[in-house]
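Have the viewer open as you read.

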Amino acid sequence: YRKPVLTLIAERMPLTLLLMVVQLAVAVAGGIMLGAFSGQRTNSRVDSFIQFSSLVLLSMPIFWLGEILLLVFSLYLGWLPVSGFISSIPPINPFAYVVDILKHLVLPAFTLMGGTIPMIVRLTRSGVLEVSARGFVTTARSKGVKERTVFLRHVLPNALLPVVTLIGMQAGYLLAGATLTETVFAWPGLGRLTFEAVMALDYPVIMGTFLVVSLSVIIANLVTDICYGILDPRIRYE
């Protein structure tokens with residue numbers, strides 16, 4: 001039977017939001033920590049390992065990484081489900097129900113993080129190195145301010161401005177639906193809906209999903225500009 005396009009999008013949107021929020025939260029936290037750690041230990045073995053790992057992940061196609069994760073953790077080891085967002089027979093217990101959804105969420109989220117974390121790591125590292133060489137940081141150190149305080153209050157907030165831009169761009173596109181990832185893992189989100197609509201030549205649904213793409217990117221850019229003003233008061237003054 002037929003459904004309105006808005007109803008179809010509203011049914012798929014929560015699962016895409018769940019996938020986006022989980023992967024972005026972990027990717028942002030992990031990427032900033034690794035990038036800051038790498039920037040503080042330039043040219044060390046740890047820095048070289050982090051940079052090499054980031055380059056390898058950044059070079060991997062998303063769909064290929066998803067297939068490798070499926071082979072290893074689902075087919076060979078049997079630790080995680082292969083596809084979907086819940087088992088064919090859902091658990092009755094509410095706690096077990098949530099755990100079952102989280103198990104299905106792990107592989108798609110880590111697949112998306114494979115493309116997000118390396119970019120955040122590299123941007124954070126380059127930002128830390130650039131800001132650490134500026135005059136106000138040198139002045140703070142010459143006054144005897146503790147290195148931890150210098151890093152947390154002066155270096156890191158200024159180094160995160162490019163990272164905020166990247167996060168805003170990623171959030172806008174992911175809200176529209178990670179089509180390849182959702183297709184590989186049969187995750188019934190907005191990206192999967194877009195793929196099904198394209199394969200069926202369902203033009204109203206295609207136009208509806210594209211409209212969501214446009215709106216999500218606009219909203220993400222607006223939130224990014226607001227975050228810029230919070231992190232850098234000079235922007236508000238201008």
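## Surface and ground rules

Accessible areas here come from the Shrake-Rupley method with a 1.4 Å probe, and for residues only the protein chains shown count as cover. On that basis the protein chain has an accessible surface of about 13800 Å², with 70% of it belonging to carbon and sulfur atoms.

A word on provenance: this is a predicted model, so local features need pLDDT of at least 70 and side-chain atom pairs count only at pLDDT 80 or more, while totals for chains, interfaces and linings use all residues. Residues are numbered from 1 along each chain as its sequence is written, and side-chain values use heavy atoms, with hydrogens and water left out.

## Overall layout

What does the protein chain have in the way of helices and strands? There are eleven helices and zero strands, where helices (H or I, at least four residues) and strands (E, at least two) are DSSP runs numbered from the N terminus. Along its principal axes, the C-alpha trace spans about 70 × 45 × 35 Å.

Of the 238 residues in the chain, 39% are buried; buried means under 20% relative accessible area, exposed over 50%, and partly exposed in between (1.4 Å probe, protein chains only). A contact is a pair of heavy atoms within 4.5 Å. Taking contacts between residues at least 6 apart in sequence, 71% join residues at least 24 apart.

## Nonpolar cores

A nonpolar core is a set of buried Ala, Val, Leu, Ile, Met, Phe, Trp, Tyr and Cys residues joined through side-chain atoms within 4.5 Å. The largest one has 19 residues, and I32, I120, F151, V155 and L156 have the most contacts inside it. At least two residues of this core come from each of α1 (5-40), α4 (94-132), α5 (135-142), α6 (147-159) and α7 (161-175). Another core lies apart from it, with twelve residues that include L15, L112, V121 and A178.

Leaving out residues up to four places away in sequence, V155 touches V128, V131, S132, V137 and V150.

## A nonpolar patch outside

Patches are made of residues with over 30% relative accessible area and no salt bridge, joining like charges within 9 Å and nonpolar side chains (Val, Leu, Ile, Met, Phe, Trp, Tyr) within 5 Å. The nonpolar patch on this surface is formed by F63, W64, I68, L71, V72, L75, Y76, L77, W79, V82 and L180, which together have about 1100 Å² of accessible area.

Which helix gives the most to the nonpolar patch? That is α3 (residues 62-76), with seven residues. I68 sits in helix α3, and its relative accessible area of 32% makes it partly exposed.

A salt bridge here is a side-chain nitrogen of Lys or Arg within 4 Å of a carboxyl oxygen of Asp or Glu. By this rule the count is five. One of them pairs K3 with E11 at 3.0 Å, N to O. Both ends are partly exposed: K3 is at 32% relative accessible area and E11 at 42%.

R12 bridges to E196 with the closest N and O atoms 3.1 Å apart. That pair links distant parts of the chain, as R12 is in helix α1 and E196 in helix α9, 184 residues apart. R12 counts as buried because its relative accessibility is 18%, whereas E196 is partly exposed at 33%. E196 also bridges to R192, at 3.2 Å between the closest N and O atoms. E196 and R192 both lie in α9, four residues apart, about one turn of the helix. Shared partners join R12, R192 and E196 into one network.

D100, in helix α4, is another story. D100 is buried yet has no salt bridge, and the nearest side chain of opposite charge, K103, is 6.0 Å away; Lys and Arg count as positive and Asp and Glu as negative, with His and the chain ends not counted. Not counting residues up to four places away in sequence, D100 touches F85, I86, S87 and P91.

A186 is not a glycine, but has a positive phi of about 50 degrees. A186 is found in the loop between α8 (179-184) and α9 (190-199), and is partly exposed at 29% relative accessible area.

L201 is not a glycine either, and has a positive phi of about 55 degrees. L201 lies in the loop between α9 and α10 (203-231), and counts as exposed because its relative accessibility is 54%.
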